[in-house]
Amino acid sequence: MRAKRIIDENFADPMMGLYLVSEQLNVSNSYLSTTFKATYGVSIIQYINRLRVDQAKSLILNTDMNIKDIAQTVGFSSDINFIRVFKKLENRTPTTLRRESRP
């Protein structure tokens with residue numbers, strides 16, 4: 001599906017979302033939303049957030065970047081929103097993950 005490819009290549013763009021993808025594909029928001037969820041079992045925003053959090057986890061574990069910079073790097077417009085989404089998906093905060101992974 002072209003929508004998934006667009007998202008996979010551009011998920012770190014803070015503007016990436018349903019409206020941007022539907023505009024690029026020249027389809028309605030509702031059509032894209034329904035089709036994406038039927039195909040992949042998750043909404044577009046859930047898919048984007050999972051990609052962003054997975055990338056953030058790699059940065060948290062493998063770099064010394066601060067959490068705010070990681071949030072911006074992976075496409076979140078604010079570190080507060082990033083921490084909220086991260087905790088919802090991972091059941092812990094980014095700082096807790098980093099602390100637990102270090103000796």
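Predicted model: local features only at pLDDT ≥ 70, side-chain atom pairs only at ≥ 80, totals over all residues.
A search of the whole structure finds six salt bridges. One of them joins the side chains of Lys4 and Asp8, with a separation of 3.0 Å from N to O. Both residues belong to helix H1 (residues 2-10), in which they lie four residues apart, or about one turn of the helix. Lys4 is partly exposed, at 24% relative accessibility, and Asp8 is likewise assigned to the partly exposed class, with a relative accessible area of 30%.

In helix H4 (residues 44-62), Asp54 and Arg50 are also four residues apart and are therefore separated by about one helical turn; their side chains meet in a salt bridge of 2.8 Å, N to O. Asp54 has a relative accessible area of 37% and is partly exposed, while Arg50, at 28% relative accessibility, is partly exposed too.

Arg50 additionally forms a salt bridge with Glu90, for which the closest N and O atoms are 2.8 Å apart. This pair links distant parts of the chain, since Glu90 is found in helix H6 (residues 79-90) and Arg50 in helix H4, 40 residues apart. Glu90 has a relative accessible area of 16% and therefore counts as buried, the cut-off for that class being under 20%. Arg50 and Glu90, together with Asp54 and Lys57, are linked in a network of salt bridges.

Terms used
Residues numbered from 1 in each chain as written. Heavy atoms only, no water. Salt bridge = Lys/Arg side-chain N within 4 Å of Asp/Glu carboxyl O. Helix = DSSP H or I, 4+ residues; strand = E, 2+ residues; numbered from the N terminus. Buried < 20%, exposed > 50% of the residue type's maximum accessible area, 1.4 Å probe, protein only.
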